[in-house]
Structures are given as structure tokens and as C-alpha cells.
Amino acid sequence: MLKGFVRHGGQIACCGTCLDARGLTEDNLIDKAPRSSMEELASWTVDADEVLTF
């Protein structure tokens, strides 16, 4: 589902704190879904017309 979202121009970022809490590294992530931060999330949320979370 995420790969299809990215193919259609969607942007994805993975919460660094959540990754750390689960012992996940960037090797566990799909392409186009980089490790991110709360600062980036806040910036995207302010700039976005629409936000999807799950």
C-alpha cells in the first residue's frame, strides 16, 4: 500500500523515536520512507492541505 502511495507522488517519513523504541534501523525501511523527526512532521503538517496517518 505504501509503495503505491509513493508511486503516485505521496511522501512518507518514519518516526525516528518509534523506530528506536522498536529496535528498527534504516535497513528495515522501504525505499522512499526515510527516518524522520518530529520537526519534519510538524513542518509537513503546517504546510499540508491534507494529512493521512495510520
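**A guided reading of a predicted chain**

The chain exposes about 4,700 Å² of surface, and carbon and sulfur atoms supply 53% of that area. The model is predicted, and every value given here was computed from it. Buried residues make up 19% of the 54 residues in the chain. Along its principal axes, the C-alpha trace spans about 30 × 25 × 15 Å.

The secondary structure consists of three helices and two strands.

Ser-36 counts as buried because its relative accessibility is 15%, below the cut-off of 20%. Leaving aside residues up to four places away in sequence, Ser-36 touches Ala-13, Cys-14, Cys-15 and Gly-16.

The side chains of Arg-35 and Asp-20 meet at 2.9 Å, N to O. This pair links distant parts of the chain, since Asp-20 lies in helix 2 (residues 16–21) and Arg-35 in strand 2, 15 residues apart. In general, side chains of opposite charge can pair when their charged atoms come close. Both partners are partly exposed: Asp-20 has a relative accessibility of 49%, and Arg-35 has one of 33%. A search of the whole structure finds one salt bridge. Considering charge across the chain, there are 5 positive and 9 negative charges, and their mean positions are 10 Å apart.

The cysteines raise a further matter. How many disulfides does the rule count? The count comes to zero. A disulfide is a covalent bond between the sulfur atoms of two cysteines, and the rule applied here requires those atoms to be within 2.5 Å. For Cys-18, the closest cysteine sulfur belongs to Cys-15 and is 3.2 Å away, so the two are too far apart for a bond. For Cys-14, the closest cysteine sulfur is also in Cys-15, at 8.8 Å, and this distance is likewise too far for a bond. Cys-14, one of the residues touched by Ser-36, is buried because its relative accessible area is 18%. Cys-18 is partly exposed, with a relative accessible area of 36%.

Between helix 2 and strand 2 runs a loop, and Lys-32 has its place there. The phi angle of Lys-32 is near 70 degrees, a positive value in a residue other than glycine. Most residues other than glycine have a negative phi. Lys-32 counts as exposed because its relative accessibility is 63%.

Thr-53 is found in the segment after helix 3, which covers residues 38–47. Is Thr-53 buried or exposed? Its relative accessibility is 69%, so Thr-53 counts as exposed, the cut-off for that class being over 50%. Thr-53 and Asp-31 are 22 residues apart in sequence, and their C-alpha atoms are 19 Å apart in space.

Technical notes
Residues are numbered from 1 along each chain as its sequence is written. This is a predicted model: local features need pLDDT of at least 70, side-chain atom pairs count only at pLDDT 80 or more; totals for chains, interfaces and linings use all residues. Side-chain values use heavy atoms; hydrogens and water are left out. Helices (H or I, at least four residues) and strands (E, at least two) are DSSP runs, numbered from the N terminus. Buried means under 20% relative accessible area, exposed over 50%, partly exposed in between (1.4 Å probe, protein chains only). Accessible areas come from the Shrake-Rupley method with a 1.4 Å probe; for residues, only the protein chains shown count as cover. Lys and Arg count as positive and Asp and Glu as negative; His and the chain ends are not counted. The place of a charge is taken as NZ of Lys, CZ of Arg, CG of Asp or CD of Glu. Contact means heavy atoms within 4.5 Å. A salt bridge is a side-chain nitrogen of Lys or Arg within 4 Å of a carboxyl oxygen of Asp or Glu.
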